[in-house]
Each structure stands twice: as structure tokens, then as C-alpha cells.
Amino acid sequence: MSRLEAKKPPLFISEPLTRDAVSQSLSLLSGILKSSYGPAGRLKQLHNGVGGCVCTTSQSSALLGRLSLSQPVLRVLTASVRNHVSRFSDCGLFTAILCCGFIENFRSLNVAPFTVIKISKHLLSLCMDHLKSEACGCRVSVDFSSVETLVCLVRSILTSKPACMLNKTEVDHLTSLVLRAFLFTVPCHVGTNAVLGKCVVIPVKGGRVVDSTVLPGLLIEAPEVQLGKPLAVKRTGSNMIKIALFSVSMSGDGSSPEEGTIAVHHGVSLQVSELNQLLNVGRQLVKDEVGLVVCQKVMHPSLKQYLEEQGVVAVDRAGLSLMEPLGRVTGSQPIASIHSLPPGCYGSLKDLCVESFASKHFLHLIPGDTVICSLILCNRSETAWDELKRVCETAEHVLQLTVKEPLALLGGGCTETHLASYLRHKSCSLPASTLRDLGCSQTQYRLVAEGFCRALESVARALSHDGEEVLTDAVYGHCWFVPPASPCVSRWSDLVSKCSCGVSGSTEELGWSFVQGQSGSPVLQGCPQEPPVKAADLRVLDCFAAKCSGLQVALETANLILDLSYIIEDQN
């Protein structure tokens, strides 16, 4: 069959970063991300324009997942950031803003992209070596024998997203719950291959945030369970509750088409045959002293009635998401067929009771020993609950990352301005051998280093949304915010008392200067010092693993985009 339209040749776009459309799109994306950053970030409302769900958020995972981007350069950038977020859950906006800053600063330099990439990789290695050294002034050790640092880390995550609409009491309550939930997931007996457990979030939309709670074990929603009626459950001789977990449909409506064709003899009813087989399974479960049957899909009403008459609690429509935690809580193996019950498929529970939250009823599965817990999460509206769920899951993941690497970084922009101060100091005393290895002049190195530092400082400046002046000091290289419309004073120490992270105070003259947009900050005379860190002084902390990864991803993605010479688009 001949084509109705001639095939079009591919579209070649040379030097895409020099195109106005790309520059404008990159600037617009950078502005959207910066305006969303931090506790005072502005919310964004995303919808598809033809109806459907409306998302109100300032989170990178929600923003970048819903933005429709036409420029290939921006799609590369957002795909890279989303991949980072999928692995670390945190520092998505930091990574995206920093990447935009690198691209905007480096492309304006009169230096070959190949040279820029080599120098920027060297600067990144200086940053990473400094962050991993004991002398780093923006690194904090996390002591798991004390909760102060952990509380600060969790609170920093909860307060960073204004769409959660939390007040101080609610933040304190949720911080405590998230920490308790995390501790439930830590195994009591640690072997050579210790594995952290899981926190399952149970939605209760429309309730008060302070009504949220955490329970060990697992909750399964069971609307048909009556709260006031005692739960009579069959137990084994050892006073345990045996449980069977089915991943196959028990509705009795025949096999699914994917399983192939079934031949049925004349006069035989397939439905009756299926129901008889289900009842045979029920009799076997009763004979094996099973007290709880959970089905991922639908269970036939007759089978459910038979099991309940025999003292067996039956729950269907559990859903795929609960199957893995159910197996871990009970030790049961999901049964994938109603025609055979494999040996060792049953699990066990210590107890089973009914819980009620708002208007919902749940079965509470209580194991003897578990690393699974349920976080019953309440919030006033669906929008606020969706945002809060993402934030709590991020906090749990950050705590898991911190167990593997018990470090944190000072937040509030202090790590970024500190690193910028450190790099400016290092670039002033660079050995000639390093310049030879990089194949660049000292002028080229300093130009790229200044662009690198300005990109870091642009992240700190993005935390200012209400006209605050952003300062950095010449001793520690920390970030300070001066309230808008402040009176003119002879000393900055009269206006600022603490740096943004809370560690440095203004009791001494620190030599403050503005963090400028394009001209850069003054070069320090010495290497930034390490301030004494007290856990009680900490205001904001960031996840060490997530921020280090974000720094690397931001630069690698920027270098990839800077190295693009052609974009080839298929027009058919």
C-alpha cells in the first residue's frame, strides 16, 4: 500500500543552547523551580486543561512528573532529576535548580565546552572530597543514640512543603510519629544481612492531623467488620492465629482468558464446579486450623459465609500493594491457585483486633515480632493529604539512607554558600601542575569556578521569596537572611542573630557581604572555618546521601547538555 503522504526528513537542530526558544524555556523552568523551593516556596497548581485531577504542590516529584515539556533539552534535564528522586526521594528541587544554574552560567563563558567540562569535573571532585572529609564545616554526624539530630532532620523535611498546611503542633506530632514508625522498621536482632522493614501509610482523609498515629503490624480496611462486636477468631493449639494469603481470584467466575481455553463436558456447570472447588478449599483451610484468610482479589460470598460460620475471619479485595507487607508480617507465602495448597504456605499472627479511625474500620494484624508498621495519616483535605503522604514517605527514606551513612548536611543554604567559599579559596591557590593536567589557563579555571560558585549560591538565594537580603560571612561561609525593609544600620550583627542553619551566631564580627546574582561574592582570604556544632542549635538539616548525589547529578546532566552539538528530531 503506497503512502498517503511523503516521508519527511528528520529535523537537525545545531547548537541547541544558542537557540532563543531553548534559552527562554530553560529560564522559565528555572523560575518555576526556584519559586517552589523551601518552606516559603510558592505552590503550583497543575492540571491538563480538559478536566481531571488538579494537583497543588511544590514537590519536585509531582511538578516534574506533570509538566509537559516540548524541548528535548528540558526533557533530558527533568528525566535525570526524576531518576535521582526515584533513588533518594529528596533534594529534587535542589538538583534541578543547580543544574539550571550550571547550564546558564557555563554557556555564557567564552571557554570551549570541552574545557568547561574538564574544569567543572575537577571542581566537583574538590566538593566531594571536602564533604567527605572530617574537616568539612557543613557536615554533621548523626548520633542514633540521641534523637535531637534525627528530629531536626525529619522536621526539616516536613516543614519544607507548605502545601501540607501544618502548624507547629502538627509538625511536632508528625515528627514524633515518623520517627516512631521508622524505629518500628529497624529489626531488633541484626544479623549479617539485616534488612529494614516498611511503613505502610493508611489514608484517612478529612480527619485532624493530630489524630494520626502509628501502630506496629498491619491494618487492613474491612468495612463489613462491626466495631462493637467481639472478634471470634479460631486459634491453634499454641494460641496463635494461622493465616492463609491468596493472590488469586476466589470469586468463582471462571478462569481469566489469559490462562487459556477450558473444555467443559456437556451438562456440567462451570460456575457450580468453581464454587464446589472453592468450598473444598474452605474445608481444607478449616481442617488446617486457619483463623484468617486474606484474598488480594474478590472472594465468593458463599465461601466467605462458610468461613465465617466456621470461626474464620475472611477479608477480600486487599489489593496488590498489601501483599508484600502481609507476607513479611505473617511469614505466609501467597497462594496462586485454588486447586492446591502448597506445604508451608501458611503464616501466623499473635493477635487480631478491630481498630476504627474516623468512619473507617480496620483489622489490625498483630505479629509476634515484625519490622512492618502502619502509619494512619490524617489531613483536612485530599490535596494536603497527598502532599503529606509524599513528605512522610520521603522522611522515612531519608532516615533509611542515614542509617547506611550516618551523616547530614547543614540546610538553609549554608552548605551551598560554604562550598562556594571553599571553592573560591581553593581556586586562588591552584598548583600549576593541576592547570597543566586540565589543559587550561588560570583565567579559564577561575571563570569556570566562579560560574560553579554562582550556581551554588543561586540555590541559597532561591530560598528568599519575600525580598530578604541574602548574606554570606567571611569566616564560616554560611548563609544569612536579612528581613525585608530592615532599617539602615552600621553593623549587620544588629540585624541578624543566627545563620540560616542555626549553627553560627552573630556575637562576633564575621565580615558579612551580599550574595550577588552575577558579580559573585568577594573571595575569602582564608579557607572557611568549621563552626562548633551543637545539636540544640540546629534549625535545618539536609540528607547527606541525597544532596551529594544531587550535586553530582546536577553537574553531570549540565555537562551532558553543554556537550550537545545537534538535536535530531523525527518529523513523521
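Two strands are taken to pair if DSSP finds at least two bridges between them. On that basis this predicted model contains an open sheet of three strands in the order β17-β16-β18, with antiparallel pairing.

- Strand β16, which covers residues 469-472, runs antiparallel to β17 and is joined to β17 by four bridges, and Thr-472 stands opposite Cys-479 in β17.

**The crossing of α5 and α12**
- Helix α5 (residues 113-131) and helix α12 (residues 414-428) have axes that come within 11 Å and cross at roughly 120°, which makes α5 oblique to α12.
- The crossing of these two helices, α5 and α12, is right-handed.
- On the α5 side the contact is made by Leu-123, Leu-126, Cys-127, His-130 and Leu-131, and on the α12 side by His-418, Leu-419, Tyr-422, Leu-423 and Lys-426.

**Salt bridges**
- With a side-chain nitrogen of Lys or Arg required within 4 Å of a carboxyl oxygen of Asp or Glu, the count comes to 19 salt bridges.
- One of these is formed by Glu-170 with Arg-380, whose closest N and O atoms are 2.7 Å apart.
- This pair links distant parts of the chain, 210 residues apart, with Glu-170 in helix α7 (residues 168-184) and Arg-380 in the loop between β14 (372-379) and α11 (382-404).

Conventions
Residues numbered from 1 in each chain as written. Predicted model: local features only at pLDDT ≥ 70, side-chain atom pairs only at ≥ 80, totals over all residues. Heavy atoms only, no water. Axes fitted to C-alpha atoms, helices over the stretch in contact; angles between N-to-C directions. Parallel < 35°, antiparallel > 145°, perpendicular 65-115°, else oblique. Left-handed = near helix turned anticlockwise from the far one by under 90°. Contact = heavy atoms within 4.5 Å.
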